[in-house]
Amino acid sequence: MADITQYCPRSGRLIKEEGTTVNEGNMLEAIYNAVVVNKNAGVVLNGSFARIRNAPVVGVKTVTSTAAELFAGASRLANRYLMAVYNDSTLIVYWGPSGVTTSTGYPLLPQDSIVFEFDPNTATAIYFIASANASVRVEEQA
Amino acid sequence: MKYNIVATSVDDELWQVDILVSDHGQDLLSGRTHVCCPTAEEANEYAERTFLPDLRRNFPKKIAALTLAWEEAALHVETTT
């Protein structure tokens, strides 16, 4: 069976392996195979998000001088695709990977907010640190 | 109401901290975080001084009655002085 997706000349006409032009029958056969036989015609958008599907989780958290993971609830929300953080304090808080410090972290200024977008299929921790205790508001969506 | 803290080393100066709050044998709330510090003692202290108080603030219906060990100690000092 010819793979009609392999040969696509500049003319836009699809050419089979043996050099002949793909006809309507070949196209129908390819569509039938994709939809019915192989069931691979759909487009799976892993990690995509377009609208809220679950209730958000919100929380007030304390960023301290010890770098720690930040999330809204009792643990990182599974399959989250978004986390928003609002710096409710008068201190600059800093974020980054584990081991982040106030010298290396990316700053989030007082009264400023940041939105992290995640691949829901990849658990990724974000760490926060500050020079002293700082209150932030956190929201997660999955 | 009781709580349990378990700090597990997962990397160099990185601790996974699991907490469980229970009352009369019934689990009320479990949580997990990660803390960057050199020792398990510091990870435990973070959990007790910061993580658990934040959880108590965010889950008042579940664990509002939770009293932490350092709070009890402070209360004891206040009442005895």
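Here are some notes on the two chains, the contact between them, and the spaces in the model.

1. **Ground rules.** This is a predicted model, where local features need pLDDT of at least 70, side-chain atom pairs count only at pLDDT 80 or more, and totals for chains, interfaces and linings use all residues. Residues are numbered from 1 along each chain as its sequence is written, chains are lettered from A and ligands numbered from 1 in the order in which they are written, and side-chain values use heavy atoms, with hydrogens and water left out.

2. **Chain A overall.** You'll find 1 helix and 8 strands here, where helices (H or I, at least four residues) and strands (E, at least two) are DSSP runs numbered from the N terminus. In sequence order the pattern is α-β-β-β-β-β-β-β-β. Of its 142 residues, 35% are buried; buried means under 20% relative accessible area, exposed over 50%, and partly exposed in between, with a 1.4 Å probe and protein chains only. Take the contacts in chain A between residues at least 6 apart in sequence: 69% of them join residues at least 24 apart. A contact here means heavy atoms within 4.5 Å.

3. **Strand 3 of chain A and its partners.** Strand 3 (residues 82-87) runs antiparallel to strand 6 (residues 113-117) of chain A, with 5 bridges joining them. In that pairing, A:V85 sits opposite A:I114. Strand 3 also pairs with strand 8 (residues 134-141) of chain A, again in the antiparallel sense, over 6 bridges. There A:M83 faces A:E140 of strand 8. Strands pair, by the rule used, if DSSP finds at least two bridges between them.

4. **The helix of chain A.** A:N26 belongs to helix 1 (residues 24-37) of chain A. Buried or exposed: which is A:N26? A:N26 counts as buried because its relative accessible area is 16%. Setting aside neighbours within four places in sequence, A:N26 touches A:K16 and A:T21.

5. **Chain B overall.** Chain B has 3 helices and 3 strands, and reading along the sequence gives β-β-β-α-α-α. Its C-alpha atoms fill a box of roughly 40 × 35 × 20 Å along the principal axes. Of the 81 residues in chain B, 40% are buried. For contacts in chain B with a separation of 6 or more, 34% are between residues 24 or more positions apart.

6. **B:D23.** This residue is in strand 2 (residues 14-23) of chain B. B:D23 counts as partly exposed because its relative accessibility is 25%. Leaving out neighbours within four places in sequence, B:D23 contacts B:M1 and B:L28. B:D23 and B:A65 are 42 residues apart in sequence, with their C-alpha atoms 10.0 Å apart in space.

7. **Where the chains meet.** The contact draws on 19 residues from chain A and 18 residues from chain B. Together the two chains bury about 1,300 Å², 55% of it on carbon and sulfur atoms. On the chain A side, A:V60, A:T62 and A:A74 supply 32% of the area buried against chain B, more than any other three residues. Buried area is the accessible area (1.4 Å probe) that two parts lose on being put together, summed over both.

8. **B:T50.** B:T50 lies in helix 1 of chain B and counts as buried because its relative accessibility is 10%. Beyond residues up to four places away in sequence, B:T50 touches A:T62, A:T64 and B:E45.

9. **The cavity.** There is 1 cavity of 30 Å³ or more. On a 1 Å grid over the protein atoms alone, a cavity is a set of points where a 1.4 Å probe fits but cannot get out, while a pocket is an open set with protein on both sides within 12 Å along at least five of seven lines; lining residues have an atom within 4 Å of a point. The largest cavity has a volume of about 100 Å³, the volume being the space filled by probe spheres set on the points, which are joined across faces, edges and corners. Its lining has 14 residues, with A:T62, A:A68, A:E69, A:L70 and B:Y46 nearest the centre of the cavity.

10. **The second largest pocket.** Its volume is about 150 Å³. Of the 14 residues that line this pocket, A:A67, A:G99, B:E13, B:C36 and B:C37 are the closest to its centre.
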